[in-house]
Structures are given as structure tokens and as C-alpha cells.
Amino acid sequence: MMNKRTFLLTALMVLALGVQAKVRLPHLIGDNMVLQQQTEARLWGWAQPGRTVVVTTSWGDEKVWTKADKQGKWLVKVKTPKASYEPLSITFDDGESLTINNVVSGEVWVCAGQSNMEMPVKGFGMCPVKDFNQHVLDAVNSKGVRSVKIPSIMRATPQDDAQCEWRQCSPKTVVDFSATGYFFARLLSRTLDIPVGIIEANKGGSRVESWLTKENLEKYTSDPTDSVEICKRWSQWDYHRSLLWGNGTFNPILNYTVKGILYYQGCSNVGDPGDQYSQRMKLLVEQWREQFGLGEIPFYFVQIAPYRYDDDDNAISGALLREQQYKAAQIIPNSSLVCINDLVYPYETTQIHPAQKQQVGERLAFTALNRDYGYETIQYKSSSYKDMTIKNDTVFVHLQDNYWCDAPFEQMEGFEVAGEDRVFHPAQAQHFWQSGGGYWDEAIMITSPEVKKPVAVRYCFKNFQIGNVKNGGNLPLFPFRTDSW
């Protein structure tokens, strides 16, 4: 009996040692993954402390090795090849080899933010994505797109792994891809004719503070950082909780080598005072760039869509948040903001998840193609307010980044004008130009019969107001105000 017990214990010990001896990889590094092309991509994992780990790639003769530290952690960098659909493999060996297959080299982007980034191609309950069936069928042409979804979980401490796996795009799998992320990757992949991977690390309803570290929260906010206190503060809406979502949902991807970050968030910060949101957005981008350690990587984000946040049709809490996002784009280096003021239907006043996601992703792709991939002829900027002049009862507004076009030519919608009483009235607006002094003065001419002496102009500066002004790239004018009331 004792011999059997001794044999069994010995066998279990050998098995345990064997398990410990085999290198372990984070779930983010596995079959079907996309490596950032032509760079030194980081690969990491765990092994027995002090054990040597040798990494061999199918595309090169050079072997890379390192030793696991006292905690069993190790990290190496491997030179990645030019983007291609050719299947690659990587072998990790610490005495027992482990190989991952069907790896490709391409472009890798992070899809971060809240529910409008998380929203899959199949939509949410009561929230459809426009042209769903067509997109599912078309997915056969998007085999170069791959995605990995990081589970949205909360943790009291930063996590270095998450239960996830890379997925290849097909009519069966595309339904679960982030819609905005997928349409971005689809256009990028087809234009560049290379694989594109998206890492989905987001959480519906999250605030900008949800992704800040403990150190940044303590230094720049009054939010609690103790997990018990955090849960008490936001007992009803757990998606508003600070710190915990970043620890569980974003921290596991920080070792991965990526090209840039796409971000769609802001609804849960509506009502924040002053410039608080724009400053915290800047703080978050600085934090993420420092954590990734890849330099000033691109950060492209989406302005929140029109939505009736309050019962008052004239309320501007959402408009103020959009203004903060516009300000954030001015103070965050290597960033760009996508305007989607036109991508809601009139009946979507209380639909927090608008159905038109294809154009959102594609506008992000226009931005990346122009700024990062050499497609300088692509017009990706929305026009924005530049300045104005007032002559008698008429306001002349000049725009910038309009690509030589303020459209439509007449019957522009969305403008309001106010006099010294600070009461805004709907205004008539149309294109205006005149020759003088050797140049053409092109502007938008704005008048209202109720305002004889105008002092301020607003454009779509309400929670839910859809304008029709677009530029030469058929991109919408950013909502704006000329007052500070």
C-alpha cells in the first residue's frame, strides 16, 4: 500500500515539475495572432525562475533567448517581417518546446473606450447595426482581418493575462467583432492589402477615469483608489468605477507591440465641469503611451454622437462634452478627432448606440491612411470654426479644414444666432463669397429676423441636433459656439 502511495506521489511530483517546466504564454500570444510588422515585437510569458527560454521564428535563422526572473517572468523582442498573408510560426523552448501557428505580420491597433466601441457587428439588444446581413456576407472578403476581445472584467490589482484568443474574420466570427473596429480594419486591410489585427480592450459605460492608474487617480482626481471604497461609491453603476476596469481589461495588453490606439468614449463623462474631461483625456493618453513604451503612437478618437441626455430640447450638457473632446484633440500630440454629428437618424434621439457604425470605422481609417500610411490625398479632417465678422444684422463665419468647400450651397441647417440678450434663435445660412483686394472672401452668411444685432453664433450646440454642413471630403462640420455663456 505504501509503495503504491509512494509511486503515486512521485508520479504527481514529476507531473507537477513537468507542468512547471513548460513555458507558459499569455493568452494574447497564441495561434492566429497578428504581429506588428517590421518592428521589434515583444513576446513574453512565464517559466521556472532562472530557466533559459529560447525563441525561434519561422521567418528568421536567429534565435533569441533570455532567462526568467525570480518571479518566473521573461520577455524578448523579435524582429518581425514585412506584412504578408504568409502563415508564420513561433517556437518557445525552456527544455520543452511550445509552438504557436498561423501567425501573420501586419498592422495592429487597439480598440478602446466604452459601449459604442464595444458594440459588435451583430449589435446589442434593441440596438442594431445598419446593413448587418450585408456585412456578414461580405466578411468572406475580409480574411486579412483578425480580432481578439479582452474580457471586460474588474480587478483590484493590475493583471498581466486575460482569457482571450485571436479570431480570423469570417461570416461566422465577424458578428462578434467590434463594429467600429471591424470597419476600420476592413478598409485598412483592403486598401493596404495586408493583415490587420484589432485588440478590443473596452467596457460599456466606462468613464475616462475607469482607465487611469492608481497613481494618476490619486495625483489628479478625488476618486477613491481602494477597491472597497470604489465599489461603495459606484454601487449602482459598476461600469462607472475608476481604476478597476483598467486593471482587469487594459493592463493585460500593455506588453503587446501595436501601431496605435482608437478610442470611442465620453457619454459617461457628460456633465463633467470645466476643462476636466479634456485634461484627463490628455492624462490618459500620456499614461497609455508611457505604459506601452512605444513612443508617441497615434491616438485617434471619436466625438460622441447627438443624444438627448436631458428632457430639455435645448440642453447642452452633451454639447459641452463634445467641446471638451475637440479641446483634447488640440492638446494631445499626434491625435485626431473624428466628427460623427451626421451619423444619427432623427428618430435616434434616445438611442445611445446609433446604427451607422460603418462610417465611424471608415473615418478612423481615413485618418490612419492619411497620417500613417502615406495616402495624403485622402481628406480625413472635418471642418471647424475659424473666425467670424459681423456687419449690421449679418454674421459671416469662416471655417478651416473645409477642403475648399462649404456645402450645401444654400439651405444650411443647424445654425443659431443670439444678440446681447443671449437668447438663441434659429438662423438662415448660406454660402457667401465676394471678390475684394485681390482675393475671394468665402464664408457662411448667417441671419435671423429675430436678431437685429447679433453677437454670437452656435452650430448644432445642443445635446441632439443634426446639421447638414459638410466639407469637400463630405465630412461634417464640428459643432461649435462662439460664446462662452
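Predicted model: local features only at pLDDT ≥ 70, side-chain atom pairs only at ≥ 80, totals over all residues.
Visitor: Okay, and which residues do ring pairs link into a cluster?

Guide: The cluster is made of W211, F250, Y263, W288, F292, F299 and F301.

Visitor: How do I read the geometry of W211 and F250?

Guide: Look at the angle between the planes: over 60 degrees counts as edge-to-face. For W211 and F250 the angle is 65 degrees, with 6.2 Å centre to centre, and the pair is edge-to-face. W211 sits in the loop between β10 and α5, while F250 belongs to helix α7, so the pair ties together parts that are 39 residues apart in sequence. Both W211 and F250 are buried.

Visitor: What about Y263 and F299?

Guide: Their planes are at 40 degrees and their ring centres 5.6 Å apart, so this pair is tilted. Y263 is in strand β11 and F299 in strand β12, so here the pair ties together parts 36 residues apart in sequence.

Visitor: Are those two buried or exposed?

Guide: Y263 is buried, at 1% relative accessible area. F299 counts as buried too, with 1% relative accessibility.

Visitor: Now for charges over rings. Where does R24 lie?

Guide: R24 lies over the face of W46, 4.0 Å from the ring centre.

Visitor: And which ring has the charged end of K391 over it?

Guide: That's the ring of F396, with the charged end of K391 5.7 Å from its centre.

Terms used:
Residues numbered from 1 in each chain as written. Heavy atoms only, no water. Phe/Tyr/Trp six-rings, centres within 6.5 Å; stacked < 30°, edge-to-face > 60°. Helix = DSSP H or I, 4+ residues; strand = E, 2+ residues; numbered from the N terminus. Buried < 20%, exposed > 50% of the residue type's maximum accessible area, 1.4 Å probe, protein only. Lys NZ or Arg CZ within 6 Å of the ring centre and 35° of its normal.
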